[in-house]
Amino acid sequence: MNALKQYIDLFDEYRDLIEAQSPALLNTLRISAREQLETAHLPRKGSEDYEATDLEEVFSHDYGVNLNRLPFDADPGETFHCDVPNMSTCLYYSSNDAFHSSPTAERNIGQVVVEPFSMAAVDYPELMTAYFGKLAHMSDPTVALNSLLVQDGLFIYVPDGVIPERPIQLVNIFNAALDMMVQRRLLIVVGKNAALKLLACDHTQSPDYRYLNNQVVEIVAMQGATVDYYDMEESTPLTSRVSSIYVDQHEGSNVLIDGITLINGFTRNNYHVEVNGEHAETHLLGMTIASGEQHVDSHTFISHNAPRCNSNEMFKYVLNDKAVGAFAGKILVKPNCPRVEAYQGNRNLCGAPTAKMYTKPQLEIYTDDVMCSHGSAIGQLDEEALFYMRTRGIGIDEARRLLMQAFVADVIDGVRLDVLKDRLHFLVEKRFAGTLSNCAGCMQTCRPNNNNQ
Amino acid sequence: MLIIKDLQASIEDKQILKGINLTVKPGEVHAIMGPNGSGKSTLSAVLTGNPAYTVTGGSVEFNGKDLLALSPEDRAHEGLFLSFQYPVEIPGVSMVNFMRTALNEKRKYFGQEPLSAADFLKLMREKRSIVQLDNKLASRAVNEGFSGGEKKRNEIFQMAMLEPKLSILDETDSGLDIDALRIVASGVNTLKSKDNATIVITHYQRLLDYIKPDFVHVLYKGRIVMSAGPELALELEDKGYDWIKEQVDSQQ
């Protein structure tokens, strides 16, 4: 069995249609993607870097693919309604695989470019050509698959020296009335001494269909740029996500990536950071709260290719019921990179005997005079603390909730966006209390979606 | 208020309590003394429902209810409080959140509405002053980074907040300097009324200078082997435990 075969066949049959519906730049990658996939296999559980995760199984389902670019939901802003005006973001939507802007998008007008590839290819052909597909590794079959079938994407560009007033919020919604796979694709270029705060929220509005988001994100942080990328998933048990984020950090850049999984079905998050300039700073944070049969696998790779850089990595998991968590993190310090400081931590709480956690920390260092460490721990709730709380009248369930919340509190406190930090504390509280509604996550209140009923 | 009859308990198959009998009435202060390893802390753990211990016999009645049938949290709601010998640090849970949850769980147990934020903070302020607990400590995580004295004062602060009917102070004097001891003792005395009772577990007479007991019991090898008035504490301070040990051991 090879799940890729069905997508290759699809491509071969509909290549003209796919290419006709896409900007020309996207078509340039398809040949090499097709070549890669010819001999590629999706990793099965147990293969290298996939100790707990079976991608073949995830992709083998018969998903619909929207090759004709039919609009499902003309205006997702109609069904998603902003509930917290104070958040003051510039809001963009993608429903299934199509992008939409909202009236709030104009808040940063003249400062930041946020355009679908179809427009950006016309407006910024040089930037698009210079950076699209340059960071992502086609050797990863999911990246090759994305490149083979992708027909649009979102381009975010902050010109040199621009520090936008407001964060950008991208709300990705699955609401098609059929099982569906989409190839989401982001290209983010933040210019010299510029800054970007981006909050991406993945949601699923229709809990009855199986969706797969096969996503590729490329981020270029130029000299002195600051990039905050908060990537939050709050979907459904039938939603799968395979996300690969590639980052290129230039001298003095400061990049924070925070991957948050509150509710999902199956998720594999790959983070690949190349630190190419001196004095660059990398913060990689992850927080997973999983119950039921949720599956969350994070794979991180930070390559220190330049001296005098810092990286800080902390991933925390709270697993209950039959949830499965996996973390594999590798820090590479290349030769001739003195004074690198790189720290990696992975701490996990298994709240039930049926929950499983797999963890694999790795350091590979080829330079003397560096400071690196890694630590990994899997534990249970502190029995003494539980009893102490119970003697004060706090019931066992409430006590467990408070301790689980406390466990992830420091990862939330690493968020560099105050309003999001407060919101996350609130959301996590609701998540542990079991009262998190599907759409509460991105400061949106979900109205009933009549389109699909 | 509290009637303990022939209470027996073990931990990991090791019998610690071998038949405790004790009756506490409202308004009374009982001191339980005894050498190390006699079962003093086990008694407090069993009464508050620590799951590490197994009750192997006997009964405990608390205000007419079968105490041993209640969960630790319900025992707290019914008015039982333990001041821990080693208060537990809970990083990430703020004192305010901890106390508010505790109070509101109790109110829920009695079918009352949760306290408003304003009323709660007012109550915190009021009770904090009883043990001179710094406002900064109240806003930090539970016991995290507190000094020994601050932890014990924090225990009495929680006691003031929860207004228990029966408080067990398990070696509340250990690790305290004289000033902290006075503050803690005066806090306990302030909270004392004719309707509530206190069991003081201690090694030393010192604390009993400040918290005057009505009865003093000596616990040895899992049994109360001697009970008398406050003068017994003075005698123990003077003569140690050996004479009691000899007396008990010769009878066996």
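Two strands are taken to pair if DSSP finds at least two bridges between them, and on that basis strand β3 (residues 29–33) of chain B pairs with strand β11 (residues 215–220) of chain B in the parallel sense, over 4 bridges. The structure described here is a predicted model. Chain A holds 11 helices and 22 strands, while chain B holds 10 helices and 12 strands.

**Overall form of the chains**

- For chain A, the expectation for a compact globule of 453 residues is a radius of gyration near 22 Å, and the computed 21 Å agrees with it.
- The C-alpha trace of chain A extends over about 70 × 60 × 50 Å along its principal axes, and 53% of the 453 residues of this chain count as buried.
- When contacts in chain A between residues at least 6 apart in sequence are taken, 82% of them join residues at least 24 apart.
- Chain B has a radius of gyration of 18 Å, close to the 18 Å that the globule rule gives for 252 residues, so chain B is as compact as a globular protein of that length.
- Along its principal axes, the C-alpha trace of chain B spans about 60 × 40 × 35 Å, and buried residues account for 43% of its 252 residues.
- Of the contacts in chain B between residues at least 6 apart in sequence, 70% link residues at least 24 apart.

**The six-stranded sheet of chain B**

- An open sheet of 6 strands runs in the order β6-β9-β10-β3-β11-β12 in chain B, with mixed pairing.
- Its edges are formed by β6 (80–83) and β12 (223–228) of chain B, each of which pairs on one side only.
- On average, and with direction ignored, neighbouring strands of this sheet are turned by 20 degrees against each other.
- Helix α6 of chain B packs on the sheet, where it touches β6 and β9 (166–170) of chain B, and its direction makes about 170 degrees with that of β6(B).
- Within the parallel pair of β3 and β11 in chain B, B:I32 has B:H217 of β11(B) as its bridge partner.

- Strand β5 (residues 154–158) of chain A is mostly covered, with 5 of its 5 residues buried.
- Strand β4 (residues 113–116) of chain A pairs with β5(A) in the antiparallel sense over 4 bridges, and A:P116 finds its bridge partner in β5(A) at A:L154.
- With strand β8 (residues 185–190) of chain A, β5(A) pairs in the parallel sense over 5 bridges, and here the bridge partner of A:L154 in β8(A) is A:L186.

**The largest nonpolar core**

- The largest nonpolar core has 202 residues, of which A:I156, A:I188, A:V190, A:I219 and A:A221 touch the most other members.
- Helix α10 (residues 396–413) of chain A contributes the largest share of this core, namely 9 residues.
- Beyond its neighbours within four places in sequence, A:I188 is in contact with A:I156, A:L196, A:E218, A:I219 and A:V220.

**A buried loop residue in chain A**

- A:A323 is placed in the loop between β17 (310–319) and β18 (324–333) of chain A, and it counts as buried because it has 24 C-beta neighbours inside 10 Å, where the cut-off is 20 or more.
- Residues up to four places away in sequence aside, A:A323 touches A:A290, A:S291, A:G292, A:E293, A:Q294 and A:A355.
- A:H295 is 28 residues from A:A323 in sequence, but the two are 5.9 Å apart in space, C-alpha to C-alpha.

**Contact between the chains**

- At the interface, 20 residues of chain B are in contact with 16 residues of chain A.
- On the side of chain B that touches chain A, the elements giving two or more residues are α2 (72–77), β7 (90–94), α3 (95–109) and α6 (148–162) of chain B.
- By residue class, this side of chain B divides into 11 nonpolar, 6 polar and 3 charged residues.

Note on methods
Residues numbered from 1 in each chain as written. Chains lettered and ligands numbered in written order. Predicted model: local features only at pLDDT ≥ 70, side-chain atom pairs only at ≥ 80, totals over all residues. Contact = placed C-beta atoms within 7 Å. Nonpolar A, V, L, I, M, F, W, Y, C, P; charged D, E, K, R; others polar. Core = buried A, V, L, I, M, F, W, Y, C linked by C-beta atoms within 7 Å. Buried ≥ 20, exposed ≤ 12 C-beta atoms within 10 Å, placed from the backbone. Axes fitted to C-alpha atoms, helices over the stretch in contact; angles between N-to-C directions. Rg over C-alpha atoms; globule rule 2.2 N^0.38 Å.
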